[in-house]
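Me: Hi! Could you walk me through this model in plain words? I'd like to ask a few quick things as we go.

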Amino acid sequence: MASPITAKEKPSENPILFVARPMATAARQFAKSLIRPATIVYPYERLEDPTFRDRVAVASGRPIGVGHVWDNYRGVHALNIATCISCNLCAFSCPDLCIEMVTVPGGDPKHPKKCPEIDYGKCSYCGFCSDACPEGCLTMTTRYELSVARRAEMVYSPEKLYDVFRTKLPMNPIRVERPANEDAILLDPPLCIGCNACSRDCPTQCITMLDIPKPAAKPGEKQTKRIWKEPVINDSDCVRCGTCISVCPKECLFWGTRK
Amino acid sequence: MASATLYSVSDGLASALLHALGSVLPGPARAAVTNPNVIVGLAVLIFAVILLAASMLNTILLIWWERKLLGRFMDRRGAMHVGFAGLLQNFADGLKLFRKNTFQPQEADPLGFYTGPCAYMVTSLIIFGVLPISSGWNAGTLPLTLLLALAIFSFAPLFIFVSAWSSNNKYSLMGGMRSAAQMIAYEVPILLAVVAVILVAGSFNLTTIVYEQQNYWFWGPLVVALIVFVAGMLAEMERIPFDLPEAEAELVEGWNTEYGGMLFAFFMLADYLRALVGSILVVLLFLGGWTMPTWVPGALTSFPLAGIFWFMVKTYTVFGLFVWVRASLPRVRTDQLLRVGWNRMIPLSLLSIFLAAVLVTVKCLPLLGCVPGVGS
């Protein structure tokens, strides 16, 4: 029956077969689905539920497409607040501008700790944020149920995302290796005034201010007023968040390839 | 056989009610209330209410039954969330339709637009007054109930046409036209097939026709008439594969395109009422009504209301057959429908009349079986 109709076996012109054949097919289908129809009664049965998979997919011998652990499924985010370094990279990478960094308790008063707050009304689940997260603290889980009664509930605060994290759902693999030829942050030394802003705001504390020799004053010229320090960036710790570039008052830090 | 009948139940209920009412009233009022004529009047009212409630309940159950069966035919489950196994889903749907706004197209004729659905509904409901459900459970012993039922049954396309015409919509009008053409093509073979039954049973009375089948159900000897009748009923009920008047793919919703809310619900309910009547007619004419063959154990046919139980089982099975046809066959074209109606059905039904005449004469035919002799 399933084979394509060739020129030899055309549909019968016999009116009795014309009625009987579809009815036989329908009866066979009816008998087959009397035991168990193909539909999954969703709120009561879930594909990701292992007991359901054992009972139905395995017991009936019927493969159910996507019933396995979806290790690349992009659902609701999980946020580990403890390891978040407030680098802003998730918010930078978001194409829908649905991530806003909000203050969470835990930071010092001068530099409050900021974690992503995600508006699922805008989110397109592209996963760029979790790819960009240098610490692997923002990942995507297999949770897909997002219906809420009010629009405001679609905005997930960092605490709510942390609750998702604590459910220990399967999560996307976390990027650990950094590309070898990644751009680094370079310094244009003559412009630097040694203000310490970059070192102060670096989320990973990979910038150290080192003393530089104070040049001898030329005769007749007034000594420049500046702090004789210069930032030195530890590339292996740097997460390339660009915070230092954005806080630098003299625009002396820039992206470039380190020789 | 159940001793209680529809008359006795409603009469007993009415007299009990009125006597209870009369016992707390002063003398003259009591005499007025317990007047036999008043009791009979109330009994008729209760009788009508029971009929209405039973027919509507069965119609809604029939929709549920179709949804569940069709679901299995399509490898799904059908309605299952509201109530047990989705039994209350149709009540929820009805409630939703009831709450909806009813509006009328600008150029529509209000008289036809509003009377059409109501008359369609009413004519479909009237038939239940003449259909016997079990021994004693019928509205009367009219001698021509079969003729009356078929006459009322074929009345409905007129109101379809009225409502289609007054909707002032080309799709509605096309659907109404198709409905009228379909009725003319299929009314004739149905009546001719029924003539075969009448010949064999020797009566126009549905109750008599059922009792004539106590030994042999008519579906065996009159199988040709049964096929013609079932096909004609499918066309009369406008179900797939003969649902041309409301072909969704081409005519939006056919003659009920312009209807919404409760008016649409009227059409929907009346459609299923007609489907119920069609199934009941098939059971009454060919499947022995509420009687069961003699080889069925007596315990299965002698419990209270056994007749109604078996009658309902048969009716729902026949409707299941209609659902099976609906799940299998595609919609036919208008020319195919008319050609089958005029070129195939009418000769077949004439053949069935001939076979019935032969059967009545010789009592038994090889392969087809026997029929009880008329007057013998």
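Reply: Happy to, and the chat below takes the two chains in turn.

Me: What should I know about the model and the numbering before we start?

Reply: This is a predicted model: local features need pLDDT of at least 70 and side-chain atom pairs count only at pLDDT 80 or more, while totals for chains, interfaces and linings use all residues. Residues are numbered from 1 along each chain as its sequence is written, and chains are lettered from A and ligands numbered from 1 in the order in which they are written.

Me: Thanks. How many helices and strands are there in chain A?

Reply: Chain A has seven helices and nine strands. Helices (H or I, at least four residues) and strands (E, at least two) are DSSP runs, numbered from the N terminus.

Me: And what share of chain A counts as buried?

Reply: Of its 259 residues, 19% count as buried. A residue is buried if 20 or more other C-beta atoms lie within 10 Å of its own, exposed if 12 or fewer, and partly exposed in between, with C-beta atoms placed from the backbone.

Me: Which domains does chain A have?

Reply: The assignment gives domain 1 (77-166) and domain 2 (184-215 + 224-256); such bounds come from an automatic or database domain assignment. Six residues from domain 1 of chain A and five residues from domain 2 of chain A make the contact. Two residues are in contact if their C-beta atoms, placed from the backbone, lie within 7 Å. Taken over C-alpha atoms, the centres of the two domains of chain A are 28 Å apart.

Me: What kinds of residues does domain 1 of chain A bring to that contact?

Reply: On the side of domain 1 that touches domain 2 in chain A, there are four nonpolar, two polar and no charged residues. Here Ala, Val, Leu, Ile, Met, Phe, Trp, Tyr, Cys and Pro count as nonpolar, Asp, Glu, Lys and Arg as charged, and the others, Gly among them, as polar.

Me: Where is T141(A), and is it buried or exposed?

Reply: T141(A) sits in the loop between β4 (138-140) and β5 (155-156) of chain A. It counts as buried because it has 22 C-beta neighbours inside 10 Å. T141(A) and L169(A) are 28 residues apart in sequence, yet 6.0 Å apart in space, C-alpha to C-alpha.

Me: Switching to chain B: what about helix α10? Why do you call it enclosed?

Reply: 12 of the 14 residues of α10(B) are buried, so this helix is largely enclosed by the rest of the structure. Its buried residues include V224(B), F229(B) and M233(B), and they pack against α6 (145-153), α8 (170-201), α12 (261-286), α14 (306-328) and α15 (334-362) of chain B.

Me: What comes just after α10(B)?

Reply: Just after α10(B), E238(B) takes a positive phi of about 55 degrees, although E238(B) is not a glycine. Most residues other than glycine have a negative phi. E238(B) lies in the loop between α10 and α11 (248-251) of chain B, and it is buried, with 25 other C-beta atoms within 10 Å.

Me: And α1(B), which of its residues are buried?

Reply: They are S10(B), A14(B) and L18(B). Seen down the axis of α1(B), the buried residues fall within an arc of 55 degrees, so they line one face of the helix; the arc is that of the directions from the helix axis to the C-beta atoms. The face turned away from the buried side of α1(B) carries the exposed residues S8(B), A16(B), A20(B) and S23(B). Among what covers the buried residues of α1(B) are α2 (27-33) and α3 (36-73) of chain B.

Me: Nice. How many residues of each chain are in contact across A and B?

Reply: Nine residues of chain B are in contact with 12 residues of chain A. α14(B) gives the most to the chain B side, with three residues. That side of chain B divides into four nonpolar, one polar and four charged residues.

Me: Last one: which residues have the most contacts inside the largest nonpolar core?

Reply: V197(B), L222(B), F229(B), V282(B) and L285(B) do, in a core of 94 residues. The largest share of this core, 18 residues, comes from α12(B). A nonpolar core is a set of buried Ala, Val, Leu, Ile, Met, Phe, Trp, Tyr and Cys residues joined through C-beta atoms within 7 Å. Leaving aside neighbours within four places in sequence, L285(B) is in contact with V194(B), V197(B), I209(B), F218(B) and F229(B).
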